[in-house]
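Dear colleague,

I am handing over the structure we spoke about, with the sequence alongside. Please look through it first; my notes on what was found follow below.

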Amino acid sequence: MSTVVITGASSGFGALTARTLASAGHTVYAGMRETEGRNAPQVAAARTWAAEHDADLRPVELDVSSQESVDRAVERIEAEHGQVDVLVHNAGHMVVGPAEAFTPEQLAQLYDVNVLSTQRVNRAVLPGMRRRGAGLVIWVSSSSVKGGTPPYLAPYFAAKAGMDSLAVSYAAELARWGVETSIVVPGSFTSGTNHFAHAGHPADAAVEADYETRYAGLMGQVADKLAALAPDADVSLVSDEIARIVALPAGQRPYRVHIDPADDGSEAVSDLADRTRREFLDRVGLADLLTVAVGGAGGAGAAG
């Protein structure tokens, strides 16, 4: 069984994935910020669930916006278990509204949470994985990166696209170290997560009001249509898929998987993009980066 670290595990995909993996017998560190403050109830709930299910689920203070917090959390985990086997990049934040109404500072903050956070955690976790020549990094992306993209979610979509691009490059750069990459691409789940409930809004109310004169009620219309496209979509589809990937033998994990009940077209576009990447790496003499060097010394795991 593996030692797993999940970021953004106080609610939504993260909390459910933490419980699913712990139920499977893994030791799971559920990273959250403000564990003694606003997320104290989530910490208590996780500990109660772990006791009731005899599972090894451990809430840990991990603020992905702080390198100091990330380093401290990873040091604690490695002290207790020696290593991190699986890292799940799940932390993220959504905003809703016309793109023009968001300030540059708001976009920078959103990029920090959705993209730069993964770099902080990688810099703390990857040295250990590279030393061992083993490990798995799972990136929770979004079908919005390459699929249908309704208006009023542009800053979030742009940030998730940045994270996905980073994941693609990391996959090749970690392949020769024996560290696997899996990019999990959920579609639009309008219930079961806090994405919409906790979404941020533009700081420029005047510009937002201007747009409302032409796009009145647009976000409500989009949410209703998305819900109608996949009325029975259950977020457990995502956590179950992540658990399946973790359970696979090293070298057999998929490079990218989609869980998109609404079928917004992301999978078809991603297939083309990923095939183009494979062909290009082959053309420039880097085809070995498409397979993970299992144990750091050659193997057949997918890296692209």
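In which sense do strand E1 and strand E4 pair, and over how many bridges? In this predicted model, strand E1 (residues 3-6) and strand E4 (residues 86-89) pair in the parallel sense, over three bridges. Within that pairing, Val-86 in E4 is the bridge partner of Val-4.

These two strands belong to an open sheet of seven strands, which run in the order E3-E2-E1-E4-E5-E6-E7 with parallel pairing. Strand E3 (57-61) and strand E7 (256-259) stand at the edges, and because each has a single partner strand, one side of each is left without a neighbour in the sheet. From one strand to the next, the twist averages 20°.

Finally, a word on the second largest pocket, which has a volume of about 190 Å³. Its lining consists of 16 residues, and of these Asp-85, Ala-134, Gly-135, Ala-250 and Arg-253 lie nearest the centre of the pocket. Sorted by class, the lining of this pocket has six nonpolar, six polar and four charged residues.

Methods. Residues are numbered from 1 along each chain as its sequence is written. This is a predicted model: local features need pLDDT of at least 70, side-chain atom pairs count only at pLDDT 80 or more; totals for chains, interfaces and linings use all residues. Side-chain values use heavy atoms; hydrogens and water are left out. Two strands pair if DSSP finds at least two bridges between them. Helices (H or I, at least four residues) and strands (E, at least two) are DSSP runs, numbered from the N terminus. Axes are lines fitted to C-alpha atoms, for helices over the stretch in contact, and angles run from 0 to 180 degrees between N-to-C directions. On a 1 Å grid over the protein atoms alone, a cavity is a set of points where a 1.4 Å probe fits but cannot get out, and a pocket is an open set with protein on both sides within 12 Å along at least five of seven lines; lining residues have an atom within 4 Å of a point. Grid points are joined across faces, edges and corners, and a volume is the space filled by probe spheres set on the points. Ala, Val, Leu, Ile, Met, Phe, Trp, Tyr, Cys and Pro count as nonpolar, Asp, Glu, Lys and Arg as charged, and the others, Gly among them, as polar.
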